[in-house]
Amino acid sequence: ATAATAAVAVKEEGQEQEEAVQFEGTDEEQEAALRIQAIHRGKAARKEVQALKEQKRQEEPATAATAATAAVAVKEEGQEQEEAVQFEGTDEEQEAALRIQAIHRGKAARKEVQALKEQKRQEEPATAATAAT
């Protein structure tokens with residue numbers, strides 16, 4: 001039997017360190033030990049990746065809560081375009097901004113409907129007069 005060296009993870013004061021450990025065994029036992037170590041390293045790596053993903057997921061809502069995106073209508077050469085604008089604020093400020101935007105969109109929609117109704121009223125007498133002749 002030959003002596004083999006294996007790296008063993010040792011946690012010391014919150015930090016992982018690898019420490020060389022000598023052990024003796026048959027080639028089959030050494031291969032089994034290496035497989036176990038590989039499985040353990042893989043499991044530790046997956047756990048670390050999962051923790052990083054979870055940390056990122058927890059940071060995303062916080063980021064979204066502090067910096068919201070609003071669509072702002074910009075008139076450019078007679079055409080309306082929407083431009084994304086970033087603003088930061090408390091949840092209360094963001095709710096207020098959203099309410100103001102909703103009120104503005106509602107007012108614009110009512111104005112557009114009124115204009116369409118007026119246009120339709122103006123077209124009706126013209127079509128009625130041409131149909132009568």
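**Surface.** I started with the accessible area of this predicted model: the protein exposes about 11800 Å², and carbon and sulfur atoms supply 53% of that. The areas come from the Shrake-Rupley method with a 1.4 Å probe, and for residues only the protein chains shown count as cover. Next I looked up burial, where buried means under 20% relative accessible area, exposed means over 50%, and partly exposed lies in between (1.4 Å probe, protein chains only). Of the 133 residues, 10% count as buried.

**Ground rules.** I noted that residues are numbered from 1 along each chain as its sequence is written, and that side-chain values use heavy atoms, with hydrogens and water left out. Local features need pLDDT of at least 70, side-chain atom pairs count only at pLDDT 80 or more, and totals for chains, interfaces and linings use all residues.

**Confidence.** I checked pLDDT, the predictor's confidence in each residue, from 0 to 100. The protein has a mean of 77, and 59% of its residues reach 70 or more. Strand E1 (residues 2-12) has the lowest confidence, at a mean of 53, while H2 has the highest, at 88. A friendly reminder to myself: where pLDDT is low, the predicted coordinates should not be read in detail.

**Elements.** I counted 2 helices and 4 strands, in the order β-β-α-β-β-α from the N terminus on. Both kinds are DSSP runs numbered from the N terminus: helices are H or I with at least four residues, strands are E with at least two.

**Contacts.** I took a contact as heavy atoms within 4.5 Å. Among contacts with a separation of 6 or more, residues 24 or more positions apart account for 19%.

**Salt bridges.** How many salt bridges does the structure hold? I found 2, taking each as a side-chain nitrogen of Lys or Arg within 4 Å of a carboxyl oxygen of Asp or Glu. Side chains of opposite charge can pair when their charged atoms come close.

- Arg-57 pairs with Glu-54, with the closest N and O atoms 2.9 Å apart. The two are separated by about one helical turn because they sit 3 residues apart in helix H1 (residues 27-66). Arg-57 is partly exposed at 43% relative accessibility, and Glu-54 is partly exposed at 34%.
- Glu-118 meets Arg-121 in a salt bridge at 3.1 Å, N to O. Here I saw a spacing of 3 residues in helix H2 (residues 91-132), so about one helical turn separates Glu-118 and Arg-121. Glu-118 is partly exposed at 35%, and Arg-121 is partly exposed at 45%.
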